[in-house]
Amino acid sequence: MTKVNQITLDKDKLLKQIESLVAIAKKDKWSLDYDTDTDEMTFGKKTMPRDTFLFNVNDELNLFLSPDSTINGIFIEYFAVNFIEHNKELEPVLQILEEETPTETPKMVAHAKKALEQELLADAFKSLFNRDNFVTAV
Amino acid sequence: MPETVAIALRCQNFQKRIVVFRKDSYDEHCLRHPELEDPTFFPPKVLQALKTPTFWVKAYKNDSICYYLELFAINGIMKYVKVVVSNKSQTINGERVYRIKTSFKTDHVQEQKYGNKLHYLGGTTL
């Protein structure tokens, strides 16, 4: 029988982390990885901690969380065929992540990656801010 | 002589397909989905999702099939095992197999958001 622990996440703690996620990502050396095989995008710790679980935030975003509400990363399924389709301005980022030869300069590449990070953070913050239910189970 | 590919999991699923999880792919996905290193999850729950899934659904705009096994439903909270398998067979170690692309625990069915039909064992389709 699967043992289930119901937990209530700390909304304030989550929102505070999202507000300072750029600093957290830099401190914890988050990496931006795209898996062309599964069309999944991960922006987060290179190795997720053992107690990490996925928490769905909205139609596109999931957070990698620990039970103490620490954010370990962001996870998007169907990144190219769905997320980028809704965020066409981020297409250069997809090309970079797919390791195709970019026509952009390195400065534009860094700018494109930063644009993706900002889009993800804004999306995550808005969705969490408007959410009422923070009960989950692991 | 071609090199033997290390395999983390091999089984026959409910569709009589031989399904494999390459060791190199398994190791890579363990970094993002640490539940794959939990012996109560992998391989038993992944095997169960392949042999007796709660439902399966075509992936959105790609050639994969997603097998979902409901782990629990408590107070409206759902938790599933998701196993994504390529719908195109290939030859690995001289055998025609279907490759697991990834597997993880999730709390929702992403494909449902695109209107993809869920196929339940026993024939019910939603």
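# Reading chains A and B

Author: Thr42(A) sits in strand β3 of chain A, which covers residues 40-44. The model is predicted.

Reader: Why is Thr42(A) called buried?

Author: Buried means under 20% relative accessible area. Thr42(A) has 4% relative accessibility, so Thr42(A) counts as buried.

Reader: Where is Lys16(A), and is Lys16(A) buried or exposed?

Author: Lys16(A) lies in helix α1, residues 11-19 of chain A. Exposed means over 50% relative accessible area. Lys16(A) has 57%, so Lys16(A) counts as exposed.

Reader: How far apart are the C-alpha atoms of Lys16(A) and Phe125(A)?

Author: Their separation is 9.3 Å. Along the chain, Lys16(A) and Phe125(A) are 109 residues apart.

Reader: Now chain B. How many helices and strands does chain B have?

Author: Chain B has 2 helices and 8 strands. Along the sequence they follow the pattern β-β-α-α-β-β-β-β-β-β.

Reader: Why is chain B called as compact as a globular protein of its length?

Author: Set the value against the rule. The globule rule gives 14 Å for 126 residues. Chain B has a radius of gyration of 15 Å. That is close to the rule, so chain B is as compact as a globular protein of that length. Its C-alpha trace spans about 55 × 30 × 25 Å along the principal axes.

Reader: How much of chain B counts as buried?

Author: The cut-off is again under 20% relative accessible area. Of the 126 residues of chain B, 49% count as buried. Chain B exposes about 6000 Å², and carbon and sulfur atoms supply 50% of it.

Reader: What share of the contacts in chain B with a separation of 6 or more comes from residues 24 or more positions apart?

Author: Such residues account for 50% of those contacts.

Reader: Which three residues supply more than any other three of the area that chain B buries against chain A?

Author: Leu31(B), Arg32(B) and Ile77(B). They supply 20% of that area.

How values were computed. Residues numbered from 1 in each chain as written. Chains lettered and ligands numbered in written order. Predicted model: local features only at pLDDT ≥ 70, side-chain atom pairs only at ≥ 80, totals over all residues. Heavy atoms only, no water. Helix = DSSP H or I, 4+ residues; strand = E, 2+ residues; numbered from the N terminus. Rg over C-alpha atoms; globule rule 2.2 N^0.38 Å. Buried < 20%, exposed > 50% of the residue type's maximum accessible area, 1.4 Å probe, protein only. Contact = heavy atoms within 4.5 Å. Areas by Shrake-Rupley, 256 points an atom, 1.4 Å probe, with all protein chains shown as cover. Buried area = accessible area lost by both parts, 1.4 Å probe.
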